[in-house]
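Let's walk through this model together, one region at a time. Have the coordinates open as you read.

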Amino acid sequence: MEIATYYFLALFLLAITFVIYAWRLLEWVWFRPKKLEKCLRKQGLKGNSYKLIFGDIKEQCKSKPFNVSDDDLTPRILPYFVQTIKKYGKNYFIWIGPKPLVIVGEPKVIKDVFNKHALYQKPKYPPQTKLLANGILSYEEDKWAKHRKILNPAFHMEKIKDMLHAIHLSCSEMLSQWEEAVSMKESLTSDVISRTAFGSNYEEGRKIFELQKEQAKHVIEVSRTLYIPGWRFLPTKRNRRMKEIEREVQATIREIIDKRVKGMKAGEANTDDLLGILLEPNFKEIEQHGNKNFGMTIKDVIEECKLFFFAGQETTSVWLVWTMILLSRHPNWQLRAREEVLQVFGDGMPEFDGLNRLKVVSYFSLFTFLIIFHIFATHGVTFI
C-alpha cells in the first residue's frame, strides 16, 4: 500500500510538471504572441498575423538574383521588407519566430526613439550573437553613457585624419598584390581596419578578422532558424566551433591589449590607433575617479574592438565593390572623377584638407574610396 502511494504520488508530480511545461510551451508559441499582436494592433501598428512558431522567418530569408545593370536592388535583396512596407506603411511589425519586431521608418518616429533611448530598449537578440560582437551596440543607460564617453574621442575629425596614412598604405599594398596576381585573397577593408584598430599589430588583427568572418556566417545561420531556449548549450558542431572562435578571438585581442598596456605603463604612449585611443581616456577616467568602475574593463575593451571589426568591415567592403561596379557602368563619371582627383592631388598622397575641393568624387564618397581611386588613377587603372 505504501509503495503504491509513492508510485501514484510520483505519477501525480510528473503529470503536474508535464502540465506546467506544456502550458509554458503553449504560452511561448501561441498565447503570448497573440496577446502581443492584439496589443500592437491597438496601438495602430499593422503587420502579418502571427504564424505558429516560425512567424515570418521563412519569408524574410527569400531573395532574388539580380543583374548588375539593375539600379534598384532593394526589391531583389530584401523583397519581403519592400512588400511589407507597400502593404502596411513605413511603421509596421514582423515576426521573428514567436517574437514581434517593430520596424519604424518615419523620420519623426525614428527621432523620437533615438531621443528616448532609456524608454525604447534595444532588441534582445539570440545569445549566440554576443559571441560575434557585444560592445556599446547592446548596452543601455549608464553603461552605454560611460562607453560612449570613452569611445567618442576615437571618432573626432582630428583622429580620423590620422588614419589617412594607414588607409593609403593598405590601398598601395593591395594594388601591388593586384599587379602580381589577378585574384587576390586579402581584403582591403579588413587590412584598413586592422591597421586603424591595432596599428603595428595589424597582422594579428587580420587573424581576428578571419575568425570574425567565420563567426558572422554562423550567427547569420543561427538567426535564420527558430530560436529554441537552451539550444546553444548543446554540444553541436556549430555551437562548439562558435565557442572555439570566441575563445581564440578573446585570447588574441587580450594579448595585444596586454602588450599595449605594458608599453603605456613604461611611458610609450600610442594614440594613433583605435586601441590606443580607447585605452588612454579609459586610464584617465580611472585615475580621475580613483576607481576602476569608472573606466572600462579589459573585457569591455575587447568587446568594443570586436564591434569595431564587425561593424566596419562588411558594410564598407560591399560599398566599395558596388561603387566600382557603378563606375564601370558609367565610364563618363569615372573619367570625370579621375581627372578631378589628379587635378587636386596630383601624384602625391591625398591630403585630408583637399577633400573640400572635390566636387565629383564627393558623390561617391570622400575617404577610403578617394584614396583607392587616387592610387588607381595614378597607375592608370580603369574599372571595366
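Is lysine 259 buried, partly exposed or exposed? At 46% relative accessibility, lysine 259 counts as partly exposed, where buried means under 20% relative accessible area, exposed over 50%, and partly exposed in between (1.4 Å probe, protein chains only). This is a predicted model, in which local features need pLDDT of at least 70, side-chain atom pairs count only at pLDDT 80 or more, and totals for chains, interfaces and linings use all residues. Residues are numbered from 1 along each chain as its sequence is written, and side-chain values use heavy atoms, leaving out hydrogens and water.

Lysine 259 meets glutamate 255 in a salt bridge at 3.9 Å, N to O; the term stands for a side-chain nitrogen of Lys or Arg within 4 Å of a carboxyl oxygen of Asp or Glu. Both residues lie in helix α11, four residues apart (helices are DSSP runs of H or I, at least four residues, and strands runs of E, at least two, numbered from the N terminus). By this rule the count comes to seven salt bridges.

Another of them joins arginine 241 to glutamate 214, with the closest N and O atoms 2.7 Å apart. Arginine 241 sits in helix α11 and glutamate 214 in helix α10, so the pair ties together parts 27 residues apart in sequence.

Now turn to helix α1, where glutamate 37 and arginine 41 are separated by about one helical turn. Their salt bridge brings the closest N and O atoms to 3.0 Å. Glutamate 37 is buried at 6% relative accessibility, while arginine 41 is partly exposed at 33%.
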